[in-house]
Amino acid sequence: MSGGTTGLATRLRESTQSAMATSRPWGELLDPTALSLPSSVSDATIRLAQNLTHFRSNYAKVVLLVLFLSLIFHPFSMVVFLLVFAAWVFLYFSREEPLTVVGAAVDDRLVLAALGVVTVVALVLTHAWLNVVVSIAIGAGLVSLHAVLRSTDDLVMDDQQSPYGQLSDDPRGTYTII
C-alpha cells in the first residue's frame, strides 16, 4: 500500500476504535435485570431523560441500524446513507474532544441533531422518504420504549450535563418536584 492509503487506513481504524469506546457497554444497555415498569408518569419521564442522556451514542446507533436495514432494497439510498454514515463516524462517534467550528466548541447534542437532519434530508432527496419516516419512527419508538423501561438506579451519571439542567445543580434545593 502507498503511504497515503496506509495513513487513511490507520485513521479509519483509530476512528472505529474510538467510536466503539464512546458508547456505553452494550451489556449495560441490554441488561435484562435492569428492566422494570416505571412506578408513575413522573418516573417514566425521569427514566427517559436520564437514559437518553446516558446511552445517547448507543441509541443513535440503534436508530441508524434500523434506518440502514430499511434501505436494503434501495441501492442508491444505501450509497447515500453510507456516505452520510461516514460523516457520523468522523463527526460524532469517533471524537474524543468537542467539535470546534471557527474556534467555538459545538455541543454534542447540536452535532447529533444536525447530523440527524442531514441524514433525513439526504435520504428524502433520494426518494426513499417513506422508508426514512417509517424507520425513524420505529427507531425512535424502540429507543423511547427501552429508555422508559430501563431503570436508572444502577447508572453512574457521569455525563457532563444533567437532562434537568439547573434544577439538579441548585445547591439550595429550592426547586419543587411535581
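How many residues has α7, and what distance does α7 reach from its first C-alpha to its last? In this predicted model, local features need pLDDT of at least 70 and side-chain atom pairs count only at pLDDT 80 or more, whereas totals for chains, interfaces and linings use all residues. Residues are numbered from 1 along each chain as its sequence is written, and side-chain values use heavy atoms, with hydrogens and water left out.

Helix α7 has 21 residues and reaches 30 Å, close to the 30 Å expected at 1.5 Å a residue; the expected span is 1.5 Å times one less than the number of residues. Helices are DSSP runs (H or I, at least four residues), numbered from the N terminus. Buried (under 20% relative accessible area, 1.4 Å probe, protein chains only) in α7 are Val132, Ser135, Gly139, Val143, His146 and Ala147. Viewed down the helix axis, these residues fall within an arc of 100° (taken from the directions from the axis to the C-beta atoms), so they line one face of α7. Their cover includes α2, α3, α4 and α6.

Helix α3 (residues 41–54) has 14 residues and reaches 20 Å, close to the expected 20 Å. Its buried residues are Ala44, Arg47, Ala49, Gln50, Asn51, Thr53 and His54, and α2, α4 and α7 are among the elements covering them.

Thr126 is found in the loop between α6 (108–124) and α7. Thr126 counts as buried because its relative accessibility is 13%. Contacts of Thr126 (heavy atoms within 4.5 Å) include Phe76, Ser77 and Val80, with residues up to four places away in sequence not counted. A polar atom of the Thr126 side chain lies 2.6 Å from the backbone oxygen of Leu123.

Terms used:
Helices (H or I, at least four residues) and strands (E, at least two) are DSSP runs, numbered from the N terminus. Buried means under 20% relative accessible area, exposed over 50%, partly exposed in between (1.4 Å probe, protein chains only). A polar contact is a pair of N or O atoms within 3.5 Å; within protein, one must be able to donate a hydrogen and the other to accept it, and residues adjacent in sequence count only if both atoms are side-chain atoms.
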